Amino acid sequence: MGPRQQKPQARKPAGKTFFVIFILLLSLFFGIAIGAAAYIIRDTPDISQLNFGDWRSPEATFIYNRDEELVHRLFQENRQYVPLGQVPIELQQAVIATEDRRFFSHHGIDFWSVPRAALVDIREGRWAQGFSTITMQLARNVYLTQKKHLYRKLQEIFLAIQFERLYTKHEILEFYLNEIFFGHSAYGVQTAAQQYFGKDVSELNLAESTMLAGIIQAPNRLSPYHNMEGARGRQRVVLNTMVELGFITENEAREAAEEPIELVGLGRGEEQFGQYFLRYVRDQLLKMFGPQVVYSGGLRVYTTLDNRMQKAAEETIQKLIEDGTIPTVEREGYEGDPKQPQVSIVSIDPATGHILAMVGGRGEDQWNRVTQSHRQAGSSFKPIVYAAALENSYSPGNVLKDYPTVDFSEHTAVEEGDPYRAWPRNFNDQYLGPITLREALNRSQNVVAVKLLNEIGVRTGMDMAQRLGALNLVPDDRNLGLALGGLTRGITPLEMTQMFSVFANRGIKTEPMAILKVEDSRGNVLYQATPNKEIVISEEVNYLINDMLQTVITDGTGHRSDLGRPAAGKTGTTNDYTDAWFVGYTPDVATTVWVGEDYPRSMQYNPKRDSDGEIIINPETGKPDYQVTLSSWIASHIWGIYMREVVKPMPVTNFPSAPSDIIKVEIDPITGKLPGEYAPKVVEELFIKGTEPTEKETFHQPLESVDICIESGLLATPSCPRDEVKTHQYQRYSHIRVGTNGMPVPQFDPRTGAPITDEKGDLLYELKPSESCWIHDPYQRQEERDKDFLERIWEFLQPRQD
């Protein structure tokens, strides 16, 4: 037996070691991959609970006028969402052909595109080409950034898989077509169709659809506005791809490629007007809904704007600036528009409070002078005082004395001989004596307005102003300056328009409004305006003040505003011509025009100069004379031009007829009483029944004509030169002098210019002289000389006192 062979010792195979290492590396790889995937998933937005109905990309807010025509958009991304059913099938196919031809066959990732994109990227040495599907693009545009790196691409893939799991292909395509950017601030196919072609997406033809689809690749580079050749080239690529995929025939592609493309123009779209009104609406929306909803929520905002009236207002101002009627001065150091003076116009429907037109300035600055400028109202505030008086048993036929007065002034003589100053004073120091309230308002007499407020009480006037809509009165306004529009905080043109709208609306106040309704993008009503109406003055009082304000236009300071149809209003000019107003209305429209400088200063321009170019100083005033002075005439002029254009297409409407309690009575306008036998003038006036006069005047008497020597002021004699004689009228029994207007002539204090009264406060009138003129009578003249000589002798002989 041979020797027993020893069994060789078994060796561990190398393959086993390699296998273990492989398993460990694989486990590590999967661990890292799983960890990375978990991190990516955790860092990627969760859309698992997002339903189709919850999907919402940021949409523009659309603002419409009163005729529901689009006038403006507010947006961060200019987008209008449309359902897939409104998108032409040719546009859907064009987008699929050029962006993701296997869209309906993959599940979010097109694996056939990955190698192709990788080869291109390796060859270019950069992220030159992606393999993003429509679903991946949607995920990137909605939830991720536009930066190209691997981490973002992995997030895209994960989100795309999520989208495909949650939504149908048609839902994803709808989202994508509404999300994608098309250049020039247009997001989504609906906005793009309007931006480029001026039509809804549903109206696009094949040529327009393929051009839009081609823009997606590079919106800025391929915009047909900037690069029609490049856009046409890309369009042909899209058409050829559609032919290749069987979407269209070669003939259809050729015809579409040859069809002219008509662009609507970048300057078109919504017309650029009504910017102050639109900013006013925007600010209200921001208060109601906040910026996120306003700029991204796709609101549909229906406003009160009347396009025709708005354009008329803007064109009126522009024409008057261009022809120099409204001067232009560049002011340095102004925070807003340096061009001065500024102008504002606002119109309201008196019955509804709808703001129909609003121009907040002559430029495009952010300061809206209709709503933000609080200015002194001047005489345009007087009707509020008159309305308060009418409510307290006064009537248009009541008579007050229009003379300078010192009753309401504080008088302190600084030096001996310094004249006392009367307040208030009328414009140009013109006074009309005893005058009816109607005529005083018609002529805008300051003295009567202050006296009237003093009689009814300042509190009564303030109460009326607040009821009509003055929002910013303060306790310091409780003074007689209220009658002349002197207000501590001032008043806005919108407030003035609301106040006068009451007079146009039978005494009913309606709050101004600019927004009628707000809907979300699905048509749900978020806000519905409810007019806030309140009866603030009786129909009878309203009829009287309305009738008086019609006289202002037909026969008073507002004659430049005559429309040739029923209209009413009031002029207003503040001290030193710093503000000019006209507030007026027809039965259908109430409008305020204001003119002034943003930093109040006198609106006097172009001082007169002599031949040497030196400014001419007026010796009476000590101030320069100016070639242009803007007062209420300019506001009245603007109002007339604008309103004549506004009412052109409107039927003539009359103001409401008189209530049954309104009666007409003939009166003597000098006394306000029933006319007597010798009343020089009789007028018919309106009264609320029970307030009419019942007493007949006895003031007037038969008149006699008497010749008066102008030099001496005494009865003229035959010796007086005829050119020095004037004939005056005197009452036969009282001997009171009567003016050419039939009014008695008061005696005036030479220091103040105010009429003189007796202890009872009754006026003292000029009386007929009782002596004859001696200046021109030689016998009388000698007697006077002898008398003067004897008086001097007597004075000389008197003993002197040391």
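Does Ser393 count as buried or exposed, and at what relative accessibility? I shall answer that in a moment, after placing the residue in its context. Please bear in mind throughout that this is a predicted model.

Let me begin with helix 14, which spans residues 382–391. Nine of its ten residues are buried, so the helix is largely enclosed by the rest of the structure. The buried residues are Lys382, Pro383, Ile384, Val385, Tyr386, Ala387, Ala388, Ala389 and Leu390. I would draw your attention to Lys382 and Tyr386, which are both among the buried residues of this helix.

Helix 14 is followed by Ser393, and this serine sits in the loop that leads from helix 14 to strand 10, residues 399–402. To return to the opening question, Ser393 counts as exposed because its relative accessibility is 55%, and the cut-off for that class is over 50%. The backbone of Ser393 also deserves mention: its phi is positive, at about 75°, although the residue is not a glycine.

A second residue with a positive phi is His184, with a value of about 55°; this residue, too, is not a glycine. His184 belongs to the loop between helix 6, residues 169–179, and strand 4, residues 186–187.

Finally, I turn to a peptide bond. The bond from Gln340 to Pro341 is cis, and its omega is near -5°. Pro341 is placed in the loop between strand 7, residues 339–340, and strand 8, residues 342–348.

How values were computed
Residues are numbered from 1 along each chain as its sequence is written. This is a predicted model: local features need pLDDT of at least 70, side-chain atom pairs count only at pLDDT 80 or more; totals for chains, interfaces and linings use all residues. Side-chain values use heavy atoms; hydrogens and water are left out. Buried means under 20% relative accessible area, exposed over 50%, partly exposed in between (1.4 Å probe, protein chains only). Helices (H or I, at least four residues) and strands (E, at least two) are DSSP runs, numbered from the N terminus.
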